[in-house]
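My entries follow in the order I made them.

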Amino acid sequence: MLHEFTINIPYKQVDQYTDDLNAAGIYHLYYESPIEIIKVQNGYGYEEKEDQHVDLKIYASDLEVENLPEAYYSLLETTLSISRNEITYTSHNDTVWEQSYEFEDIDLGNGWIIVYPNSQNQYQDKNILKFDPLAAFGTGLHETTQGCLRMILEKDLTGKSVLDLGTGSGMLTIAASLKGAEKVVAVDYEEVARELYHNAELNNLTNDLEVVQADLITGDYTIDDMYDYILINIGANETMSILKKHDLLKNSNDFIISGLVEWHIDQLIEQFQIGGFLIKEKTQTKEWVTIHFTRA
């Protein structure tokens, strides 16, 4: 059984409480920082609300500590100089605690369905993109990912070469491959090869897939080859930095760019226009924008 003890403390004192608990041999701690989501130039950010209180949760297992919960009540009272009525206690059955979140399938509304591993659904006359989100960023839930997917899945990429920058979990790479891309190079700052090749196998892909771990903005990696399409789903500021660093507009005549918010796209559009591109297609879901630029 898992035992959970909760104390409400000032957020400013979290570090001190954590240090005191660690010194007493208590390490399984959790709290949520009090934040407010705010609109920033490149999308959304957050501010920490340092004047608020937070619930600091302390966990212990019967497998590690004897005589719970009494043993921890006494230890917490002594270590933190608090009374028992300041501690809220609950317990969790291990089997319930270890349940993982299961994603629901996503209908993209264009004849394609993102199907997750837990799904038991059967789809008639639909195209299926199987996807298993492991550790990398990108589950297909966000409007930017879905905007990119719809645009990619409407194209015939048979025999085309594609470069996917900031690939994350590789969902856009998988989509381009399903649409016939002969070769896809997927680049990310993190090590994402395991996730991408796993999802490629789920979809029975046999095309040429190359995964590169590289820092696209400050690293030594260079983009030298020409591609039929370049995909970037990161954000306007990061995209502009990548375009500038790699002089990227020379490497393709077609770009699909997403991760953009409606209040911060003018400078990016201008950069493409100066480079000789025009907007072939532009879609928007809520505030999130996806654009297909093509060379004029």
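Entry: I began with β7 and strand β8 (residues 112-115), which run antiparallel and are joined by two bridges. I looked up the partner of I106 and found I114 in β8. The model is predicted, and I read the pairing with that in mind. The sheet is open, has three strands in the order β7-β8-β9, and its pairing is mixed.

**Entry: α4 and α5.** I followed α5 to its helix neighbour. Helix α4 (residues 143-153) and helix α5 (residues 171-178) have axes that come within 9 Å and cross at roughly 15°. Angles under 35 degrees count as roughly parallel, so α4 is roughly parallel to α5. I noted the crossing of the two as right-handed. On the α4 side I listed T145, C148, L149, I152 and L153, which meet M171, L172, A175 and A176 in α5. I sorted the residues of this contact into eight nonpolar, one polar and no charged.

**Entry: seven-strand sheet.** Next I traced an open sheet of seven strands, with the order β12-β11-β10-β13-β14-β16-β15 and mixed pairing. Which strands stand at its edges? They are β12 (208-213) and β15 (277-285); each has a single partner strand, so one side of each is left without a neighbour in the sheet. From one strand to the next I get an average twist of 15°. Within this sheet I looked at strand β14 (residues 254-261) and strand β16 (residues 288-295), an antiparallel pair joined by six bridges. F255 stands opposite F293 in β16.

**Entry: helices on that sheet.** I looked for helices lying across these strands. Helix α6 (residues 193-202) lies across β11 (183-188) and β12, and its direction is at about 165° to β12. Helix α8 (residues 266-274) lies across β14, β15 and β16, and runs at about 165° to β14.

**Entry: α1 and α2.** Helix α1 (residues 14-23) packs on α2 at an angle of about 125°, with the axes 10 Å apart. The two helices are therefore oblique to each other. I recorded a right-handed crossing for α1 and α2. Y17, D20 and L21 in α1 meet L76, T79 and L80 in α2. I count four nonpolar, one polar and one charged among the residues of this contact.

**Entry: aromatic pairs.** I searched the whole structure for aromatic pairs and got nine. I examined F5 and Y73: the ring centres are 5.6 Å apart and the planes are at 85°, so the pair is edge-to-face. F5 belongs to strand β1 (residues 2-10) and Y73 to helix α2 (residues 70-80), so the pair ties together parts 68 residues apart in sequence.

**Entry: K57.** Last, I looked up K57, which is in strand β5 (residues 53-61). Which residues does K57 touch, not counting those up to four places away in sequence? I found E4, F5, T6, H28, L29 and Y30. K57 and E4 are 53 residues apart along the chain, and their C-alpha atoms are separated by 6.5 Å.

Methods:
Residues numbered from 1 in each chain as written. Predicted model: local features only at pLDDT ≥ 70, side-chain atom pairs only at ≥ 80, totals over all residues. Heavy atoms only, no water. Pairing = 2+ DSSP bridges. Helix = DSSP H or I, 4+ residues; strand = E, 2+ residues; numbered from the N terminus. Axes fitted to C-alpha atoms, helices over the stretch in contact; angles between N-to-C directions. Contact = heavy atoms within 4.5 Å. Parallel < 35°, antiparallel > 145°, perpendicular 65-115°, else oblique. Left-handed = near helix turned anticlockwise from the far one by under 90°. Nonpolar A, V, L, I, M, F, W, Y, C, P; charged D, E, K, R; others polar. Phe/Tyr/Trp six-rings, centres within 6.5 Å; stacked < 30°, edge-to-face > 60°.
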